[in-house]
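I opened this entry to keep a record of what I looked up in the model. My notes follow the order in which I went through it.

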Amino acid sequence: MTSSRYDLVIVGGGIVGACSAYMTAISHPGWRILVLDRQLIGDGNATAYSAALAPHFGRSPDQLEMSARSLQLYREWHQRLNLPLRDIDVVWITSPESAGRIPDMLGGEILPADELLAAHPYVVLPPNWTAFRTRALQSPDPSQLTARLLHWTRKRAGLEVWDGVQAVDLHDEGELCQLSLADGRRLSASKVIVATGPWGLSGPGQEAVRAAGIRRKKIVALHVQAPPPRDAPVFVFFDDEAFLLPWADSSMWLLSITSTEWDCDVDASKLFISSSERAHGRAILAGFAPSLRDACVAGRVFSDTYSPTGVPCISGLRGRWATANGGSGAGFRLAPEIARAALNWITS
Ligand SMILES: Cc1cc2nc3c(=O)[nH]c(=O)nc-3n(C[C@H](O)[C@H](O)[C@H](O)COP(=O)(O)OP(=O)(O)OC[C@H]3O[C@@H](n4cnc5c(N)ncnc54)[C@H](O)[C@@H]3O)c2cc1C
């Protein structure tokens, strides 16, 4: 019979929960850790839908710093665990107004227009616009990456993983956190990390998440169903906050666009790509890759939590429990640092 007292319970087995479990197992090897998820781990969460692109980039100095540290951690873990991660070229296409702002931040080099067009004749660089070239990490299978982190932790540190178990409430009782589960069971833990992604506004710890000003927003990536050339880079259309990524199985491109639909439903079956979002995607392609415009026929839609500053937010009761939220559309890229910050919060 399993006893229900843990050193750490992590609620949510997406990328943030998996990074939290992995880091905790390394830094606190004796801890008894449980990850629980309301669904099958890796199924129907923001991580599973993710384009999982991780460039060294931030829209603020804080986000940039988190990004750099996260990338370093991903690379270290990749060396140890052979994660599904690949290096990929990134071409940033920027207007004259934005070009001056980003080269230092990206640390990239200018890609002359004739070189760009010779290598990628399907792309249009408008007059006076600039292209920069950098590298990024990208996961062809973020669910598998999550599973790999959890698998290592399970084998090395005896991590328990419970699929199909939903936490509904979290409160303090003396020295312990008490978690109530949807089926009526209760769990005791010295510490809890709540990493419930888009569900953060309605589950355990929701008051702390709301108090931090976190909101939910739709994320849309259109499927451009034309096979990308071999070794195609990712094109970032910086001014449109969009990117065109050659999908891992080489059958299509993913065009990630910025949706403005705030406070959307968390239930993915109630989300759909609107005609104006598809028109927006097609307009971006018409400008930068016109031959792909008519192949923009399908897509994926989910949601994520956004913080007021775009920097992920840890809140809760210091030394005891933390909510780790506000990936702000960059939660894959920043997950190792979000996890590190949550772990610091519950151990300080
Ligand atoms: C289409 C799309 C494209 C994206 N592209 C990128 C990108 O290129 N780069 C990037 O950095 N980011 C990207 N993102 C954002 C990124 O994927 C998310 O920020 C990140 O995956 C969030 O991870 P998470 O672990 O916080 O949440 P999730 O992956 O959603 O995991 C949360 C987990 O918690 C579980 N859960 C929820 N409530 C409970 C409960 N009460 N009890 C138990 N379990 C619970 C859920 O079942 C879920 O498995 C994209 C997102 C989408 C949707």
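How do the residues of the shell around the ligand divide into nonpolar, polar and charged? I found 19 nonpolar, 16 polar and 5 charged residues in that shell, where Ala, Val, Leu, Ile, Met, Phe, Trp, Tyr, Cys and Pro count as nonpolar, Asp, Glu, Lys and Arg as charged, and the others, Gly among them, as polar.

Before going further I noted that this is a predicted model, in which local features need pLDDT of at least 70 and side-chain atom pairs count only at pLDDT 80 or more, while totals for chains, interfaces and linings use all residues. Residues are numbered from 1 along each chain as its sequence is written.

**Ligand shell.** I looked up which of the 40 residues around the ligand come nearest, and they are Gly-12, Gly-14, Gly-197, Gly-327 and Gly-331; a residue is near a molecule if its C-beta atom, placed from the backbone, lies within 6 Å of it. The elements that give two or more residues to this shell are helix H1 (15-27), helix H2 (46-49), strand E3 (53-55), E11, E15 and helix H10 (331-347). Helices (H or I, at least four residues) and strands (E, at least two) are DSSP runs, numbered from the N terminus. Domain 1 and domain 2 both give residues to the shell, so the ligand lies between them.

**Domains.** The assignment, which is automatic or from a database, gives domain 1 (5-51 + 142-214 + 308-347) and domain 2 (88-137 + 216-305). The contact between them takes 17 residues from domain 1 and 13 residues from domain 2, two residues being in contact if their C-beta atoms, placed from the backbone, lie within 7 Å. By class, the side of domain 1 that touches domain 2 has 7 nonpolar, 10 polar and no charged residues. I also noted that 30 Å separate the centres of the two domains, taken over C-alpha atoms.

**Helix H1.** I counted this helix as largely enclosed by the rest of the structure, because 10 of its 13 residues are buried, among them Ile-15, Val-16, Cys-19 and Tyr-22. A residue is buried if 20 or more other C-beta atoms lie within 10 Å of its own, exposed if 12 or fewer, and partly exposed in between, with C-beta atoms placed from the backbone.

**Helix H9.** In H9 (residues 275-288) the buried residues are Glu-277, His-280, Gly-281, Arg-282, Ile-284, Leu-285 and Phe-288. Their cover includes strand E4 (86-94), strand E11 (215-224) and strand E15 (296-306).

**Two single residues.** Ser-67, in helix H3 (residues 61-81), counts as buried, because it has 21 C-beta neighbours inside 10 Å. Leaving aside its neighbours within four places in sequence, Ser-67 is in contact with His-56, Phe-57, Gly-58, Arg-333 and Leu-334.

**Whole chain.** Among contacts between residues at least 6 apart in sequence, 73% join residues at least 24 apart. The C-alpha atoms fill a box of roughly 65 × 40 × 35 Å, taken along the principal axes.

Terms used. Expected span 1.5 Å × (residues − 1).
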